[in-house]
Amino acid sequence: MQPVEIKKDIFWVGFVDYDHRDFHGYSRSPDGSTYNAYLIKDEKNVLLDTVASGCEGTLLCRMAQVLEPEKIDYIICNHMELDHAGALEAIIERCKPEKIFVSQTGLKSMAGYFDCKDWPVQAVKSGDSINIGKRTIVFQETRMLHWPDSMVSYIPEDKLLVSNDIFGQNIASSARFVDEFGDDGEYTRRVKEYYFNIVLPYSPMVLKTLPVVEKLDIDMIAPDHGLIQRGEKAVRGIIDMYRAMAEQKPQQRALIFYDTMWESTETMAYAICSGLEENNVPTRIMSVKQNHHSAVMTELADCGAVIAGSPTHNNTVLPLMAAQLTYMKGLRPLNRIGGAFGSYGWSGEGPKFLHEQLASMNMEMPAEPVKCNWRPDHEALKACHQMGVTIAEALKKKCQG
Ligand code: FEO
């Protein structure tokens, strides 16, 4: 239960949750997550964020290695979602802080979760700062990143940004820093997974926030989930990745996601894939039975074309496909080309439903839905292959455009 000193007298005191899978009730974190909290030892001792409920014992234990928890003067709540504030009541009870800082909007979510009328709460806004001795803490609101109450805390003397949800990843590991993790590919994948399952709908706010962050003199970003970015390369890397993910420029890759009943729709997926691949569009096929909806969204991060397949089932589509589409639509992907396909026995509404769903996400739909009766024959597979070719041509044009 040791803290980790990330800067002189600034300590990571969080919780690594190796068993955590169901993140925020909708996203899956296959390898757990972390709730990072930070303690600053100064003339005023400050705790930045807490951890999820049930993890307060570990938080207090780590804090106690630095100073007695009762010596905490200030608690900063950058965001009131319960992965950061679930332990707040217990920590306040133990530390009895002189002040608790939260954004103006955070007052509402704090009151919604806690009986906080007797807490010494002070609301802050962008540009407000507090002096804690050798250091200053400057607050910057980051509304909708990830909730209306979200803010970040900047400590100029240490060139440190405590960024809460922004720049996080769901990683449970003994490593605290990106450079200790030793797997750049996996780190990048976890950044994309986190962004495309949580932050994506708020991309316009990301694009407004990045110039504000770039104006700050920063050599370390300490998010509340996953690994800390230290040094110019890691800091620049995460900012550039965020800009690229928020801009969602089309990329020359395709994702085919599908469900199947008697393998006809699956066979069609492979024929569409061959039409794409033969036209230089690398393609990933994902069964929604075999892949969680978060994994499908993560794959979409690098795919400019999104093609959905389902057999017709009860005049619509199989339920896992309906769920995947609902999840995808809520996350608001932009700048994609879509396509729809599926087999049917007698009514055949499935592909049309998929087509309409993708079109409602503002995807360009260059091909009519392809459907085949019962089992796909040579002609049906040719039509699927042609759909792959048509989408590949449209995507390449879009990427050049
Ligand atoms: Fe990590 Fe929006 O909470």
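The model is predicted, so local features need pLDDT of at least 70 and side-chain atom pairs count only at pLDDT 80 or more, while totals for chains, interfaces and linings use all residues. Residues are numbered from 1 along each chain as its sequence is written, and side-chain values use heavy atoms, with hydrogens and water left out.

Student: Which residues touch the most other members of the largest nonpolar core?

Tutor: A nonpolar core is a set of buried Ala, Val, Leu, Ile, Met, Phe, Trp, Tyr and Cys residues joined through side-chain atoms within 4.5 Å. Buried means under 20% relative accessible area, exposed over 50%, partly exposed in between (1.4 Å probe, protein chains only). The largest core has 55 residues, and those touching the most other members are Phe167, Tyr195, Ile238, Tyr242, Phe257 and Met328.

Student: What is the order of the strands in the open sheet?

Tutor: Strands (E, at least two residues) and helices (H or I, at least four) are DSSP runs, numbered from the N terminus. Two strands pair if DSSP finds at least two bridges between them. β19 (283-287) and β24 (370-373) each have a single partner strand, so they stand at the edges. Pairing is parallel, and the order of the five strands is β19-β18-β20-β23-β24.

Student: Is Asn164 buried or exposed?

Tutor: Asn164 sits in strand β15 (residues 160-164). Its phi is positive, about 55 degrees, although Asn164 is not a glycine. With a relative accessible area of 1%, Asn164 is buried.

Student: Is Asn314 buried or exposed?

Tutor: Asn314 lies in the loop between β21 (312-313) and β22 (316-317). Phi of Asn314 is also positive, near 50 degrees. Its relative accessibility is 63%, so Asn314 counts as exposed.

Student: How are α6 and α8 oriented to each other?

Tutor: Axes are lines fitted to C-alpha atoms, for helices over the stretch in contact (heavy atoms within 4.5 Å); angles run from 0 to 180 degrees between N-to-C directions. The axes of α6 (residues 184-199) and α8 (residues 231-247) come within 11 Å and cross at roughly 45 degrees. Angles under 35 degrees count as roughly parallel, over 145 as roughly antiparallel, 65 to 115 as roughly perpendicular and the rest as oblique. The two helices, α6 and α8, are therefore oblique.
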